[in-house]
Amino acid sequence: MTVSGKKAVAVMLAVVAGVTLLFAGLVLANLDKIRTAVAIRRAERPVLKTPAGDMVVVPEGEFQVPSFEKPPKLPAFYIDKEPVSPEFYARFLAETGRPGGPVTPEAERAFCEWAGKRAPSPDELEKAGRGATTENDVSIYGVRGMAQGGTFRCALDAAQASKFR
């Protein structure tokens, strides 16, 4: 092999090594998103149909938080895919005889209990909303309307999903 042939082989090896390192870096940087996507695809029933609307599964595990915080480990849970609709909330008010007005945290909890669910924790809301932006307000789990805020939704422990099946 000539000197120019050896240089060409060395350059080709360097390019292959660079592309491999770039690919490995991209995979490691997005490992959490990849794991989440795989977990959702593997979930037996990623969408749960309830009278109050569809719920999506958020798989168990930790999620990224600022480096000074300890990441919370959450069990798998379902969360409403869409915020509670004004029509369904009005039905709750009419059936329970509650007064209208601004939706308070107490009213949110009462609504979720009435719907056979529970109010989500702040950590669950944070995890469920991952990846949502104001431009594309859909999280990596398929939850809509998290970045816009202003409305509420309910959650359900994965172990309790059978009551809606």
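Predicted model: local features only at pLDDT ≥ 70, side-chain atom pairs only at ≥ 80, totals over all residues.
Nine aromatic pairs are present in the structure. In one of them, the ring centres of F88 and W114 lie 5.6 Å apart and the ring planes meet at 55°, so this pair is classed as tilted; the tilted class lies between stacked, under 30 degrees, and edge-to-face, over 60. The two residues are 26 positions apart and belong to distant parts of the chain, F88 to helix α3 (residues 86-96) and W114 to helix α4 (residues 105-114). With a relative accessibility of 14%, F88 is counted as buried, because the limit for a buried residue is under 20%. W114, in contrast, has a relative accessible area of 28% and is partly exposed.

W114 also pairs with F111. The centres of these two rings are 5.6 Å apart, and the angle of 45° between their planes makes this pair tilted as well. F111 and W114 both lie in helix α4, three residues apart, and are therefore separated by about one helical turn. F111 is buried, its relative accessible area being 1%. Together with Y89, F92 and F152, the residues F88, F111 and W114 form one aromatic cluster.

A further buried position is found in a loop. S139 lies between α5 (122-128) and β4 (155-157), and its relative accessible area of 6% places S139 among the buried residues. When residues up to four places away in sequence are left out, the contacts of S139 are A128, G129, R130, G131 and A132.

Conventions:
Residues numbered from 1 in each chain as written. Heavy atoms only, no water. Helix = DSSP H or I, 4+ residues; strand = E, 2+ residues; numbered from the N terminus. Buried < 20%, exposed > 50% of the residue type's maximum accessible area, 1.4 Å probe, protein only. Contact = heavy atoms within 4.5 Å. Phe/Tyr/Trp six-rings, centres within 6.5 Å; stacked < 30°, edge-to-face > 60°.
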